[in-house]
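Please consult the sequence and structure shown here while reading.

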Amino acid sequence: MSEKKMNSSRRGHLKSLMLAIAKDLLEKEAADLITEKAAFIAENCPAPVLSGGLPELQEMLKKLAQTIDKVDEDRYDSEAKVKKTDKEIEDLKMKVVEIQGIKKPALKKVRMSADAMLQALLGTKHKAFMDFRANLKEVKKEVKEEEEVSDWHKNVDEQSGMDGRKKKFQSAKITKLVLVFKTTEDTE
């Protein structure tokens, strides 16, 4: 099938037909609504009986008050149900978000100097210049003195056993005697 373009007069005629049909449907819907409303009122709200005395009017007012209370209770119950379902919907939405997880946006890599960062943070009215490299502590390398590497086997052998302990005791005794001797010479 080949699609032919509609000329403007044909298009306008179809448009006016559609609008006329829609208008008829809206009028019919409004009339149906009025008849439904009248039927509901006739069913649920009987016509008031105004003939009679004061006690009959008071009885009618009591019945009206009871029906008003009943309608208010129903309205309150329905509002409570709506609030409860709204809360459940919100809880379910939160659970869905928790299950899906929060998607973090991809961060861009930004290269800025320290001065540019400070200017961005502090604004243009504060001009701060800091040389962070100058504030870094200088670490000096300590030169370790290398001790003479001696044969540790000899030291261990010399100080092991009673001979090693005797040598230590004698060397300590000799140093004390030398100190005592020097002090006595100085005093004389």
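This is a predicted model: local features need pLDDT of at least 70, side-chain atom pairs count only at pLDDT 80 or more; totals for chains, interfaces and linings use all residues.

Residues are numbered from 1 along each chain as its sequence is written, and side-chain values use heavy atoms, with hydrogens and water left out. The protein has five helices and zero strands; helices (H or I, at least four residues) and strands (E, at least two) are DSSP runs, numbered from the N terminus.

**Overall architecture and exposure**

- Along the sequence, the elements follow the pattern α-α-α-α-α.
- Of the 188 residues in the protein, 1% are buried; buried means under 20% relative accessible area, exposed over 50%, and partly exposed in between (1.4 Å probe, protein chains only).
- The protein exposes about 20,000 Å², and carbon and sulfur atoms supply 60% of this area. Accessible areas come from the Shrake-Rupley method with a 1.4 Å probe; for residues, only the protein chains shown count as cover.

- Helix α1 covers residues 8–44, and its 37 residues should span 54 Å at 1.5 Å a residue; the end C-alpha atoms are 53 Å apart, which agrees. The expected span is 1.5 Å times one less than the number of residues in the helix.
- Helix α1 is hardly covered, since the count of buried residues among its 37 residues is zero.
- After α2 comes G101, which has a positive phi near 85 degrees.

- The structure holds two salt bridges, a salt bridge being a side-chain nitrogen of Lys or Arg within 4 Å of a carboxyl oxygen of Asp or Glu.
- D72 pairs with R75 in a salt bridge, with the closest N and O atoms 3.8 Å apart. Both residues lie in helix α2, three residues apart, about one turn of the helix.
- R75 also meets E79 in a salt bridge, at 3.3 Å from N to O. R75 and E79 are separated by about one helical turn because they are four residues apart in helix α2.
- A network of salt bridges therefore links D72, R75 and E79.
- D72 is partly exposed at 35% relative accessibility, R75 is partly exposed at 45%, and E79 is partly exposed at 39%.

**Surface patches**

- D69, E73, D74 and D77 gather in a patch of negative charge on the surface. Patches are made of residues with over 30% relative accessible area and no salt bridge, with like charges joined within 9 Å and nonpolar side chains (Val, Leu, Ile, Met, Phe, Trp, Tyr) within 5 Å.
- Lys and Arg count as positive and Asp and Glu as negative, while His and the chain ends are not counted; a charge is placed at NZ of Lys, CZ of Arg, CG of Asp or CD of Glu.
- E73 lies in helix α2 and counts as exposed at 52% relative accessibility.
- V110, M112 and M117 make a nonpolar surface patch of about 290 Å².
- V110 lies in the loop between α2 (54–100) and α3 (114–122), and V110 is exposed, with a relative accessible area of 62%.
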